[in-house]
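Thanks for coming, everyone. Please get the structure up on your screens. I'll walk you through it a piece at a time.

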Amino acid sequence: MKLLVTGGVGFIGSNFIRHIRQEHPDWEITNLDKLTYAGNLENLKDIQDQPGYHFVKGDIADRKLVDKLLSQGFDVIVNFAAESHVDRSILDASPFIETNVKGTQVLLEGAKRHGIQRFIQVSTDEVYGSIDSGRFTEESPLSPNSPYSASKTAADLLCRAYFKTHHVPAIVTRCTNNFGPYQFPEKLIPLAVTNALEDKPVPVYGDGLNIRDWIFVTDHCRALDAVIQKGKLGEIYNIGSGNEKTNLELIRKLLEQLDKPQSLIQFVTDRPAHDRRYALNCARIATELGWKPAYSFEKALSATVDWYLKNESWWRSIKSGEYSRYYKKMYLKR
Ligand code: NAD
Ligand code: TDX
């Protein structure tokens with residue numbers, strides 16, 4: 001099996017590549033990544049020289065490059081490459097349209113021309129928008145509220161259109177909030193843990209009562225592995241673990257685990273159009289593919305906190321770079 005993984009240097013992509021190396025050592029992986037602020041080669045340092053793994057620096061929106069690469073012959077494309085942070089999409093949506101929309105369209109065209117057997121689009125639960133009670137199924141209407149989620153919705157629907165129109169064998173997955181090792185510290189869990197370790201305030205948007213369903217990244221990778229092997233072409237699969245927490249509950253738990261005072265919590269101005277709650281019905285992937293989450297939330301959260309404690313140089317070097325300019329822009333005005 002020959003896989004083209006895009007955005008594989010980022011948080012989920014790097015965990016996915018590590019998972020596939022372990023579970024399917026005979027699968028060959030080429031990783032196409034632009035190395036944006038979120039792409040850190042350190043994330044795959046242990047794998048970079050292994051046989052059967054190849055890295056290509058480049059942009060998924062670069063048609064010529066994608067065409068040349070796909071002419072090498074691949075069975076599967078797994079598209080993780082994206083601008084992935086909601087707050088950045090509020091500051092400037094342009095790179096989100098370029099990568100998430102145009103980049104996905106370029107990959108779909110390439111898949112069409114080069115006879116790819118499976119195209120996995122890593123979409124998100126955010127395409128559905130917010131739900132106060134109940135759970136979204138794969139048939140629920142799409143109602144994105146941020147430029148990030150609108151760009152992911154466009155990409156998600158392009159997959160449907162290329163499947164219907166051109167028979168590109170696309171499958172879309174919509175997962176809830178991931179956490180785990182190598183997550184960039186602009187996202188809630190690593191931001192809270194690393195700020196607390198530095199005795200800095202932990203910003204909580206609005207009243208802190210927004211709810212997310214948190215899934216350990218390895219469970220998401222296991223689900224994608226099942227979709228590659230057994231997913232039905234043209235299908236959509238919700239992926240979640242039912243660990244619903246308010247942001248405040250989660251941050252309180254993290255501060256407790258780190259033995260840091262609750263007074264580090266700092267309420268700040270809310271995110272515009274802040275989705276109140278995400279929740280998915282994941283019966284389809286359970287019934288059709290036999291996937292269910294394997295990790296308990298408590299254990300996975302402790303393992304994640306331990307990882308940040310043991311890998312201080314990883315996050316400190318990120319926090320002292322481009323990130324520090326973003327952080328000032330994002331939080332000093334709040
Ligand atoms: P991330 O920001 O950590 O990583 C994104 C990666 O994509 C980086 O390595 C970056 O360099 C690369 N990239 C960006 N633009 C590119 C381009 N034009 N060409 C090639 N590479 C490019 O993101 P993540 O959290 O790992 O998310 C991965 C995917 O999963 C995204 O598509 C995201 O929408 C989706 N997703 C994320 C979550 C979550 O909780 N993090 C949940 C559901 C879905
Ligand atoms: O400092 C913060 N304070 C805070 O209260 C940050 C960074 C976030 N929040 C809140 C906003 C959200 O309610 O915490 C929640 C989680 O925020 P993020 O980590 O930014 O994630 P979210 O906006 O929910 O989106 C994530 O899940 C779906 C990923 O970033 C997306 O890529 C994915 O599609």
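**Around ligand 1**

Start at ligand 1: 28 residues surround it, and the closest are I12, D33, S84, Y148 and K152. One thing before we go on: this is a predicted model.

Now the polar contacts. A backbone N or O atom of I12 sits 2.8 Å from an oxygen atom of ligand 1. T36 also uses its backbone: a polar atom there is 3.0 Å from an oxygen atom of the ligand. T99 uses its side chain. An N or O atom in that side chain lies 2.9 Å from a nitrogen atom of ligand 1.

How much of ligand 1 does the protein bury? Taken alone, the ligand exposes 850 Å², and the protein buries 97% of that.

Which elements build this shell? At least two residues each come from α1 (11-23), β5, α5 (147-166) and β7. β5 has the largest share, three residues. By type, the shell has twelve nonpolar, twelve polar and four charged residues.

**Around ligand 2**

Next, ligand 2. Here 21 residues surround the ligand, and T124, E126, Y148, R271 and H274 are the closest.

T124 places a polar side-chain atom 2.7 Å from an oxygen atom of ligand 2. For E126, a side-chain N or O atom is 2.6 Å from an oxygen atom of the ligand. R271 has a polar side-chain atom 2.6 Å from a ligand 2 oxygen atom.

Ligand 2 exposes 650 Å² when taken alone, and the protein buries 94% of that. Two elements give two or more residues to this shell: α6 (188-197) and β8 (202-205). β8 gives the most, with three residues. The shell divides into nine nonpolar, seven polar and five charged residues.

**Helix α6**

Stay with α6 for a moment. Is this helix enclosed or open to the outside? Eight of its ten residues are buried, so α6 is largely enclosed by the rest of the structure. The buried ones are I189, P190, L191, A192, V193, T194, N195 and A196. After the helix comes D199, with a positive phi, near 55°.

Now go to strand β4, residues 76-79. In a regular strand, side chains alternate between the two faces of the sheet.

Strand β1, residues 2-6, runs parallel to β4, and four bridges join them. Within that pair, V5 has V78 as its bridge partner. Strand β5, residues 118-124, also pairs with β4 in the parallel sense, over four bridges. There, V76 is the bridge partner of R118.

**A three-stranded sheet**

Last stop. Find the open sheet of three strands, in the order β7-β9-β11, with mixed pairing. Which strands are at the edges? They are β7 (177-179) and β11 (244-246), and each pairs on one side only. From one strand to the next, the twist averages 50°.

Strand β9, residues 211-216, pairs with β11 in the antiparallel sense, over three bridges. One pair to find on your screen: R212 and its bridge partner in β11, K245.

Conventions:
Residues numbered from 1 in each chain as written. Chains lettered and ligands numbered in written order. Predicted model: local features only at pLDDT ≥ 70, side-chain atom pairs only at ≥ 80, totals over all residues. Heavy atoms only, no water. Near = heavy atom within 4 Å. Polar contact = N/O pair within 3.5 Å; in protein donor to acceptor, adjacent residues only side chain to side chain. Areas by Shrake-Rupley, 256 points an atom, 1.4 Å probe, with all protein chains shown as cover. Nonpolar A, V, L, I, M, F, W, Y, C, P; charged D, E, K, R; others polar. Pairing = 2+ DSSP bridges. Axes fitted to C-alpha atoms, helices over the stretch in contact; angles between N-to-C directions. Buried < 20%, exposed > 50% of the residue type's maximum accessible area, 1.4 Å probe, protein only.
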